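Subject: A structure for you to look at

Hi there,

I am passing on a structure that you have not worked with before, and my notes on it follow below. Please open it first and keep it beside you as you read.

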Amino acid sequence: MAYNHHCHHLSQKLSFSAFHPNGNSSFTLPPRIPSSCPYRRFAVSVSSGGGEAAGVRFTWDDVSRVSNSPGYHSPDLQCFFHKVKLCNQNSESQNEFMPFVVENAIVGYVHNRFADKLRKFENVFVFPNGSSYGSCFECHVTLNPILQTPEDRTAAVDVVVRSLGEELIPGIRSELFPVTPSFDTPAFFSLERAAAPYFGIKAYGVHMNGYVEKSGQKFLWVGKRSDNKVTYPGMLDHLVAGGLPHGISCGENLVKECKEEAGIPRSLSIQATPVGAVSYSDIDGYRFKRDVLFCYDLKLPESFIPSNEDGEVESFRLVSISEVANIVMRTSYFKANCNLVIIDFLIRHGCVRLPPFQLPTFCQRLS
């Protein structure tokens, strides 16, 4: 197939590219986004550590017990709203950040106190005063003009990131993300992936729903991340998902991730269909995550059994769509951004039916 390498970003929060205009909703929209899901009492506790390093302790037996519990199989929009809200927190703290500017373009946002830690690296960062990039900003951070080439900028900023160290920026993995003003534009330089939220740059990734149809019912292949993963160890994940590094297209990155994470041969992975994108903005301390996930669907043969090849996935299970929805609604087992992609899948495939007149209200709740 011909990949959509531009991976068009369909909406600010969630893409809803396929609705079922003749479907009848089995539930009504809540009057507001709730502060918590009514099924929250079933959510498991997050282990100590916090943030991406935290994991959720559970087994596949726990997953099966929750997903098959009676009485909770009807999709509930309040729970879905809650999952979206969890990925879009603390927007009121944006005034604690200053623009990160490269070549007169805003490429990210840096927390004021994190900026204080950058000020000692005068050969790399400078802090011009003035409100050129918004009246609410007294200054901004940019790169020292002596750093003219992408290669020089990449090397200089990498020295800073490693000097700040794991205590401040955990999970350094020598994987570079492009720093650009918008998707599919030339990179000003490349930044260590773990540092991306500390500089508030847009980070991109690919997530693929690998599904099977049996006897008229859809099933999703679900992976359980390795306990040795630096980020979100032991949590549920998509069959295939990964960040979009510098220098590779969405399509080729998906093919690569399919092979590494699930043993899917190229002859199958090139059949994956780009279906849109989801995005979210989340502030947590110094971290400002502004992520865009390009979403793909791949219908797999019943005979296919995934096999992880890079050690990042502990195991896989084939789970019915209704059970997947139950897990999303009632637990914190899935990595948080996976919930957004799954909700999008549920709506596009008719598992959650919304009449057309409810669409504007639904999207407004997500803005």
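Let me start with one residue. Leaving aside residues up to four places away in sequence, Ser190 touches Thr154, Leu176, Phe177, Pro178 and His246, where a contact means heavy atoms within 4.5 Å. Ser190 is found in strand S6, residues 189–192. Is Ser190 buried or exposed? Ser190 is buried, with a relative accessible area of 7%; buried stands for under 20% relative accessible area, exposed for over 50%, and partly exposed for what lies in between, with a 1.4 Å probe and protein chains only.

Before going on, a word on where this comes from. The model is predicted, so local features need pLDDT of at least 70 and side-chain atom pairs count only at pLDDT 80 or more, while totals for chains, interfaces and linings use all residues. Residues are numbered from 1 along each chain as its sequence is written, and side-chain values use heavy atoms, with hydrogens and water left out.

Now the whole chain. There are 10 helices and 13 strands; these are DSSP runs numbered from the N terminus, helices being H or I with at least four residues and strands E with at least two. Of the 367 residues in the chain, 55% are buried. If you take contacts between residues at least 6 apart in sequence, 72% of them join residues at least 24 apart. The chain exposes about 16,400 Å², and carbon and sulfur atoms supply 48% of that area, by the Shrake-Rupley method with a 1.4 Å probe, with only the protein chains shown counting as cover for residues.

Next, have a look at an open sheet of 4 strands. Its order is S2-S1-S4-S3, with mixed pairing; two strands pair if DSSP finds at least two bridges between them. Strands S2 (105–111) and S3 (125–126) stand at the edges with a single partner strand each, so one side of each has no neighbour in the sheet. S1 (residues 97–102) pairs with S2 in the antiparallel sense over 6 bridges. Met98 stands opposite Val110 in S2, and Val101 has Ile106 of S2 as its bridge partner. These two strands, S1 and S2, form a hairpin with 2 residues between them, and Glu103 in the turn has a positive phi of about 50°. S1 and S4 (residues 141–143) run parallel, joined by 2 bridges; here Phe100 has Val141 as its bridge partner. Because 6 of the 6 residues of S1 are buried, S1 is largely enclosed by the rest of the structure.

Finally, helix H9. In H9 (residues 336–348), 12 of the 13 residues are buried, so this helix is largely enclosed by the rest of the structure. Gly350, with a positive phi near 80°, follows H9. Helix H2 (residues 77–86) packs against H9 at an angle of about 145°, with their axes 9 Å apart; the axes are lines fitted to C-alpha atoms over the stretch in contact, and angles run from 0 to 180 degrees between N-to-C directions. Phe80, Lys83 and Val84 of H2 make the contact with Asn339, Leu340, Ile343 and Leu346 of H9.
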